[in-house]
Amino acid sequence: MLIGWGLFIALGGCAHQQNNGPASPGTGKYAKEISEQEEAARTASKASERMQAHLKLARLYTSYKNPQRNYKKALKHLEIYASLKSDFTYDAELRNWLSALKQMDRQRQEVDQSQRDISKLQKTNMHLKRKNAELKKINSQLTES
């Protein structure tokens with residue numbers, strides 16, 4: 001199901017750019033467009049313009065063509081968009097997209113925690129191996145004596 005949502009986000013995220021595709025990987029057009037939209041989100045005088053800038057940022061950050069996708073930032077901008085959108089509760093597509101990004105963020109956090117746990121376990125394992133080697137040496141000495 002998560003893979004399906006990921007595909008939905010990737011395809012839906014760049015649907016608005018199909019004809020004028022902003023960039024191929026490595027051209028910097030995504031970074032430029034993101035920078036422009038972030039500026040618009042901060043400085044636009046109308047709430048509707050800020051709202052649209054946040055939606056575009058969410059789409060840019062999830063686009064499959066973006067070599068530096070960032071689902072966490074996409075979630076942040078989509079949440080801002082949803083908070084500004086008066087009829088958010090009736091927009092099933094937006095709610096599905098938001099739900100998928102939240103699930104992806106939770107899973108990313110779980111993976112990060114798992115990696116920290118693995119690192120701790122590896123350190124503990126190394127310590128126990130050293131201790132085991134010391135005990136084997138002591139055991140060998142005791143056996144000889």
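Is K85 buried or exposed, and at what relative accessibility? At 16% relative accessibility, K85 counts as buried, where buried means under 20% relative accessible area, exposed over 50%, and partly exposed in between (1.4 Å probe, protein chains only). Some notes on the rest follow.

1. Ground rules. This is a predicted model, so local features need pLDDT of at least 70 and side-chain atom pairs count only at pLDDT 80 or more, while totals for chains, interfaces and linings use all residues. Residues are numbered from 1 along each chain as its sequence is written, and side-chain values use heavy atoms, with hydrogens and water left out.

2. Overall make-up. The chain has 5 helices and 0 strands, and the pattern read along the sequence is α-α-α-α-α. Helices (H or I, at least four residues) and strands (E, at least two) are DSSP runs, numbered from the N terminus. Of the 145 residues, 26% count as buried.

3. Surface and contacts. The accessible surface of the chain is about 10,200 Å², and 53% of that belongs to carbon and sulfur atoms; the areas come from the Shrake-Rupley method with a 1.4 Å probe, and for residues only the protein chains shown count as cover. Among contacts (heavy atoms within 4.5 Å) with a separation of 6 or more, 53% are between residues 24 or more positions apart.

4. Helix α3. This one covers residues 47-62, and its 16 residues should span 22 Å at 1.5 Å a residue; the end C-alpha atoms are 23 Å apart, which agrees. The expected span is 1.5 Å times one less than the number of residues.

5. The core. The largest nonpolar core has 21 residues, and L78, Y81, L94, W97, L98 and L101 touch the most other members. Helices α2 (29-43), α3, α4 (71-84) and α5 (92-144) each supply at least two of its residues, with the largest share, 7 residues, coming from α3. A nonpolar core here is a set of buried Ala, Val, Leu, Ile, Met, Phe, Trp, Tyr and Cys residues joined through side-chain atoms within 4.5 Å. In soluble globular proteins, nonpolar side chains tend to be buried together.

6. Salt bridges, starting with K85. The count comes to 5 salt bridges, each being a side-chain nitrogen of Lys or Arg within 4 Å of a carboxyl oxygen of Asp or Glu. K85 pairs with D87, the closest N and O atoms being 3.2 Å apart. D87 is partly exposed, at a relative accessible area of 36%.

7. The pair in α2. E39 and R42 form a salt bridge with closest N and O atoms 2.8 Å apart. Both lie in helix α2, 3 residues apart, about one turn of the helix. E39 is partly exposed at 37%, whereas R42 counts as exposed at 59%.

8. D105 in α5. I'd zoom in here. D105 and R108 meet in a salt bridge (2.7 Å, N to O), and both lie in helix α5, 3 residues apart, about one turn of the helix. R108 is partly exposed at 30%, while D105 is buried at 15%. Salt bridges that share partners join D105, R108 and D112 into one network. Leaving aside neighbours within four places in sequence, D105 is in contact with K72 and L75.
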